[in-house]
Amino acid sequence: MTPTTTSTGRGGARRGPGPVGALAGRTPWVLVLPAVLGMAFLLLPLAGLLIKAPWPTLPERLAEPQVLEALRLSLVTATIATLVCLLLGVPLAWLLARVAFPGRRAVRALVTVPLVLPPVVGGVALLLVLGRRGLVGQWLDATFGVTLPFTTAGVVLAEAFVAMPFLVISVEGALRAADLRLEEAAATLGASRWTIFRRVTLPLVAPGVVAGAVLCWARALGEFGATITFAGNFPGRTQTMPLAVYLALETEPEAAIVLSLLLLAVSVIILASLRDKWVTSP
Amino acid sequence: MSLHAHLVVARPRFRLDIDLTVAPGQVVALLGPNGAGKTTALRALAGLTGLSGGHITLDGAPLHTLAAERRPIGMVFQDYLLFPHLSALDNVAFGPRCHGASKSDARRTAAAWLERVGLTEHARARPRQLSGGQAQRVALARALAIEPRLLLLDEPLAALDARTRLDVRAQLRRHLAAFDGATVLVTHDPLEAMVLADHLVVIENGAIVQQGTPAQVAQRPRTDYVARLVGLNLYRGIATGRQVKIEDVLLSVAEHLDGPAFVAFPPAAVALYRTRPDGTPRNLWQARIEGIERHGDNVRIHLEGPITASADITPAAVAELDLTPGQRIWAAVKATETHAYPA
């Protein structure tokens, strides 16, 4: 009798603060230790940036026209690249999710190749196709007098190429999760396929589109390899922040820190402001 | 001016093949067990499932050649499928908008419909803020707002709890009476079908097994499924005069007929005896009690024997007769309480 009472009493006392409290004594260090190490590994470099930053000269360095130029170029190209991705990627995701066509699985796999492709290779591939003597570039040059490599448009293309799969994957997932029967209900109400897409499908997958666009934009903002290969490194025209950081690192490390800090701050601010949408997305 | 349809939908392990005729203002209920093909038939009428054969004609014009969005239909789905991102008003206005009404006209039409279903004060509510009964009424208003000539209802009350269902059913009945187009209703609930429909079509395994007015179907079931639905014992046999031979049993019946025949009688007409009763000229057979279960205020006894039957008796009688499963017992039915009709 007595042992039973004691154990119930102890159990009751432990259960007090809730289930977490009941488990607190048994936290497995095998998991906690690597978790803390992992956290440190991710956060220490960022802390390093903050510690090493030349705070006293920061304002004047930030005000340098070259810095602002690179920041402006980065934000503008990443935003345009995201818009391009939205314009092309959402319909592509819809096609992959909704229309059964032969080779759909192969296309789906190919679309995600830029995810695993080293960006430099992507840049080389873009040069081969859209370069002055490239397959399509040659024709563009001859017919319209348009050259893409080493221009701001080239930066946008390089960024869109690398970032679009993020959007396509996110939107396609949202489309597959959306209730198809709502689209049927819309059809019985007289909605054409385009109206259904516009007024039913798109609002339903909006969180997925936002999440995809954020990922896409973040990826475009940080793009380096494909951009420097396809668009080069011309200040004011193709030199985005990551390129400027890399260049500054060789000549003036403090400037590189300032640029990195700026890029970090801009990314964090924008991602944090979109966090609600991002977290609630499917 | 009505719906005429011959619906054929062939699937690898299922084939639907039914003829349907619905007059304007008439409500036809498709009744059947799960998997019978009721919903498939409804989806075929709506254009959401393609026909493998047959045709659909509405008011003399072919319907099956039109895509779903071109058909003059309104459909209420089982779980309503209201658009979650639109208010009740905009859900109802969706159809009129698609049919070319201006935004303000569509909203006016929608507001009028919400008023008719008594939901004016919920016009701005999102579907997830509505109760089941309210959502059902919005779904009905949404389907009717496009002034369809064919209204399709897929288990319109199935998602509601029992108490709400009575209210909503009464309202639905009123709205169906006011609707002058053809209505096809799919349900597995016989009561719902009988209350709402003028004509029942019973489907089993993709084919029509019986149709008629609710009264006809209730009185003269032609399959075990229908007999169970309407709560009758049903047998098929060969009639000679006032007797019907069912396998080895000869039942005396009230009607005079010859040839293949059905005999039906309610479980309440079955009397049970511990010992063989004498005297009264009844249909009498010895049976074994298979099961005993509560059925409303009475007790339903399942009887095995030369014929399988259900008997409804009072709990007092169960106690008096001291009935237990497995027990042998005498069952009797008066000829006047049976109903025989040609098969």
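In this predicted model, the side chains of Glu184(A) and Arg43(B) meet in a salt bridge with 2.8 Å from N to O, a salt bridge being a side-chain nitrogen of Lys or Arg within 4 Å of a carboxyl oxygen of Asp or Glu. Because Glu184(A) lies in helix α11 of chain A and Arg43(B) in helix α1 of chain B, the pair joins two chains. Arg43(B) counts as partly exposed at 21% relative accessibility, where buried means under 20% relative accessible area, exposed over 50% and partly exposed in between, with a 1.4 Å probe and protein chains only. Helices (H or I, at least four residues) and strands (E, at least two) are DSSP runs, numbered from the N terminus.

**Conventions**

- Residues are numbered from 1 along each chain as its sequence is written, while chains are lettered from A and ligands numbered from 1 in the order in which they are written.
- Because the model is predicted, local features need pLDDT of at least 70 and side-chain atom pairs count only at pLDDT 80 or more, whereas totals for chains, interfaces and linings use all residues; side-chain values use heavy atoms, with hydrogens and water left out.

**Salt bridges**

- Over all chains the count comes to 18 salt bridges, and two of them are between chain A and chain B.
- Asp79(B) and Arg181(A) also meet through their side chains in a salt bridge, at 3.1 Å from N to O; Asp79(B) is partly exposed at 39% relative accessibility, and Arg181(A) is partly exposed as well, with a relative accessible area of 34%.
- Within chain A, Arg132(A) forms a salt bridge with Asp141(A), their closest N and O atoms being 3.8 Å apart; Arg132(A) is exposed, with a relative accessible area of 56%, whereas Asp141(A) is partly exposed at 26%.

**The contact between chain A and chain B**

- The contact, meaning heavy atoms within 4.5 Å, takes 17 residues from chain A and 22 residues from chain B.
- About 1700 Å² is buried between chain A and chain B, of which carbon and sulfur atoms give 67%; buried area is the accessible area (1.4 Å probe) that two parts lose on being put together, summed over both.
- Thr188(A), Leu189(A) and Arg199(A) supply 42% of the area that chain A buries against chain B, more than any other three residues.
- Four residue pairs, both members at pLDDT 80 or more, are in polar contact between chain A and chain B; a polar contact is a pair of N or O atoms within 3.5 Å, and within protein one must be able to donate a hydrogen and the other to accept it, with residues adjacent in sequence counting only if both atoms are side-chain atoms.
- On the side of chain A that touches chain B, α11 and α12 of chain A each supply at least two residues, and α11(A) gives the most, with seven residues.

**Helix α11 of chain A**

- In α11(A), which spans residues 180-188, the buried residues are Leu182(A), Glu183(A), Ala185(A), Ala186(A), Ala187(A) and Thr188(A).
- These buried residues pack against elements of both chains, namely α5 (65-98) and α12 (193-221) of chain A together with α1 (38-46), β6 (73-76), α2 (88-98) and α4 (132-144) of chain B.
- The N-terminal end of α11(A) is capped by Asp179(A), a side-chain oxygen of which lies 3.0 Å from the backbone nitrogen of Arg181(A), and just after this helix Gly190(A) takes a positive phi of about 100 degrees.

**Glu204 of chain B**

- Which strand holds Glu204(B)? Glu204(B) is found in strand β9 of chain B, residues 199-204.
- The side chains of Glu204(B) and Thr223(B) are joined by a polar contact of 2.8 Å.
- Leaving aside residues up to four places away in sequence, Glu204(B) touches Pro33(B), Ala36(B), Val209(B), Thr223(B), Tyr225(B) and Val226(B).

**Chain A as a whole**

- The secondary structure of chain A comes to 16 helices and zero strands, and buried residues make up 37% of its 282 residues.
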